[in-house]
Amino acid sequence: GSKWKVALELFEEMKSDGLVPEANTYNALIRALKSAEGGSEWEIALGLLEEMRERSVEPNLFTWDALFANLKEARGGSQWRTALMLFDQMENQGVLPGIRAYNSLMNVIAFKAADGFEWRRAMHLYEEMKERGVWPDTNTYKLLFSALQRAEGGSEWRRALDLFEEMKEGGVQPDTTTYNMLMKVMERVASASKWEIALQLFGEMKESGVEPNMLTYSTLIAAMATAKDHSQCGIALDLFAEMKEAGHEPNRFTYEFLFRCLSRAKGGSEWEFALGVFQEMKKRGVQPNRFTYNLLIRVMAKAPVCSQWERALALFTEMKEKKIRPDTLTYNMLLLAFCRAWGGKQWEKAAEVFWEMRDSGVPADSYTYDLMVYALETAEGVEFWEQPLELLDKMRARGILPPDGSLPIINGIEWDPLRIREPRNPPW
C-alpha cells in the first residue's frame with residue numbers, strides 16, 4: 001500500500017546525503033511502486049528509468065522486469081502499449097531479451113483489460129521468441145492461454161489446443177494451472193461450451209498424475225452449465241460429488257456454476273436438488289450474494305411443468321431481509337416465475353412486483369415489459385385486450401409512463417405492447 005512512499009522518501013534522503021544509487025537500489029524502489037494501493041505508480045517508475053539514464057546507471061534485466069510489472073498493475077488496466085515501447089527501448093539499448101523479458105511483456109498483454117484481441121500480440125511475441133532461439137517455458141504457455149481465454153467469445157479454442165500439443169511436443173510438462181486455463185478456454189466458447197473436450201482434458205490430466213484442485217472442478221461445472229441446448233446436469237453433479245470426496249471445498253463460484261447448471265437441466269430445472277445444495281452452501285459458511293439469489297430464483301422459475309413461484313418469492317423475501325438489493329434480473333426472474341405459475345393465476349402478484357420494482361427505482365428492460373404483458377394475456381378470466389391497456393393506463397397514472405401516450409425506450413427502441421395481437425411464444 002503506502003510503503004512505496006516511505007521507500008521513495010528514503011531514496012531521496014539517500015541522494016541528499018551524497019550517496020550514489022546503484023541499479024539494484026532503483027530496482028528495489030521500482031518493485032515497491034508496483035504495490036501502491038489502487039494500482040501501481042507506473043509513471044514514477046518510468047521517471048526513475050529516465051533518472052537512471054541521466055546518472056549513467058545501466059538498467060539490467062531485473063529493472064525491465066520490475067517496470068513491466070508496474071505496467072501490468074496500472075490503475076484502470078495494464079499499460080500494454082507503453083510496455084511494447086519499453087520492450088523496443090530495451091532492445092535498442094543492446095539488451096537481448098531472454099525468456100524472462102518475453103514472459104514479462106506477455107504478462108502485461110495477457111492481463112490487459114480490453115476488447116479480447118490482444119491474444120494476437122501475445123502469439124506474435126511467441127513466434128518471435130522462437131525465431132530468436134528463446135524457448136518457451138511453462139510460464140510462457142500459461143500466459144498465452146490466459147491471453148487466449150480473453151479472445152472474443154472464446155473463439156480461439158482450436159488455437160489453444162494446438163498450442164497445448166506444441167507445448168507437450170516441446171517437452172514442457174503441463175501442471176494443474178495449465179490444464180485449468182485450457183479448460184477455461186473451452187468453457188468460454190460463446191455459442192456453447194466445448195464441454196466434451198474439457199472432460200477429455202480432465203481425464204488426460206488425471207492419467208498424467210496431475211492433481212485437480214477446486215478451480216479444476218469449478219471450471220468443469222461451469223462448462224457443463226453452458227453446454228448446447230441444455231446443461232449436462234448429471235455430469236456436473238458427479239463432478240460436484242467427486243470434488244467434495246477429494247477434500248476440495250466448493251466456493252461461492254462453484255455453487256453458482258452448479259445453480260446455473262441446475263436451472264438449464266433438460267426438461268426443466270432440478271429445483272429440489274438446488275434448494276438442498278443452497279442449504280449445504282450456507283452451512284459451510286459460504287455467503288450468498290445477489291447473483292446467487294438471482295440464479296436460485298431462476299431455478300424456481302424454470303421448474304418442470306410450472307414454476308415453483310412460492311419458493312421463488314420466499315427466496316426474494318429472504319434476499320431483501322439480508323439487505324441484498326434486487327436488480328433488474330432479480331425482478332425479471334421473479335416475474336418469470338409468476339408467468340409460469342399453473343394456469344396463469346398469479347398475474348396480480350406479477351403486477352404487485354412490477355410496481356414495487358419501479359417504485360424502488362430499479363430500471364425495467366424490454367424483457368420486464370414482455371413478461372408483464374404475457375402474465376396479463378394468459379391470466380384466467382381476463383379479457384385479452386382489457387388488461388394490457390389497463391396496465392398502460394395504470395403506468396401512466398403512476399407517472400411511470402408519460403401521460404402523452406408515449407412508450408418506454410429500451411436501448412434506443414420503443415417498446416411495443418401491440419405485439420400481443422399476434423400469438424407469441426412465451427418470452428423465455
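The following exercises, each with a worked solution, concern a predicted model of a protein chain.

Residues are numbered from 1 along each chain as its sequence is written. In this predicted model, local features need pLDDT of at least 70 and side-chain atom pairs count only at pLDDT 80 or more, while totals for chains, interfaces and linings use all residues; side-chain values use heavy atoms, with hydrogens and water left out.

**Exercise 1. The chain as a whole**

State how many helices and strands the protein chain has, and what percentage of its residues count as buried.

Step 1. The secondary structure comprises 21 helices and two strands. Helices (H or I, at least four residues) and strands (E, at least two) are DSSP runs, numbered from the N terminus.

Step 2. Of the 428 residues, 50% count as buried. Buried means under 20% relative accessible area, exposed over 50%, and partly exposed in between (1.4 Å probe, protein chains only).

Step 3. Among contacts between residues at least 6 apart in sequence, 67% join residues at least 24 apart. Contact means heavy atoms within 4.5 Å.

**Exercise 2. Helices H11 and H12**

Determine how H11 and H12 are oriented, and which residues make their contact.

Step 1. Two packed helices are described by the angle between their axes and the distance between the axes. Axes are lines fitted to C-alpha atoms, for helices over the stretch in contact, and angles run from 0 to 180 degrees between N-to-C directions.

Step 2. Helix H11 (residues 195-207) packs against helix H12 (residues 214-225) at an angle of about 155°, and their axes are 9 Å apart. H11 is therefore roughly antiparallel to H12. The cut-offs are under 35 degrees for roughly parallel, over 145 for roughly antiparallel and 65 to 115 for roughly perpendicular, with the rest oblique.

Step 3. H11 and H12 cross in a left-handed manner. A crossing is left-handed if the near helix is turned anticlockwise from the far one by less than a right angle, and right-handed if clockwise.

Step 4. H11 contributes Trp 195, Ala 198, Leu 199, Phe 202 and Met 205 to the contact, and H12 contributes Thr 216, Tyr 217, Leu 220, Ala 223 and Met 224. By class, this contact of H11 with H12 has nine nonpolar residues, one polar and no charged. Ala, Val, Leu, Ile, Met, Phe, Trp, Tyr, Cys and Pro count as nonpolar, Asp, Glu, Lys and Arg as charged, and the others, Gly among them, as polar.

**Exercise 3. Helices H6 and H8**

Step 1. Ile 99, Asn 103, Met 106, Asn 107 and Ala 110 of H6 meet Asn 139, Thr 140, Leu 143, Leu 144, Ser 146 and Ala 147 of H8. The contact of H6 with H8 divides into six nonpolar, five polar and no charged residues.

Step 2. Lys 142 lies in H8 and counts as buried because its relative accessibility is 17%.

**Exercise 4. The nonpolar core**

Identify the residues that touch the most other members of the largest nonpolar core.

Step 1. A nonpolar core is a set of buried Ala, Val, Leu, Ile, Met, Phe, Trp, Tyr and Cys residues joined through side-chain atoms within 4.5 Å.

Step 2. The largest such core has 131 residues, of which Phe 68, Phe 145 and Phe 259 touch the most other members. Helix H18 (residues 328-339) supplies the largest share, eight residues.

Step 3. Beyond its neighbours within four places in sequence, Phe 259 has contacts that include Ala 274, Phe 278, Met 281 and Leu 296.
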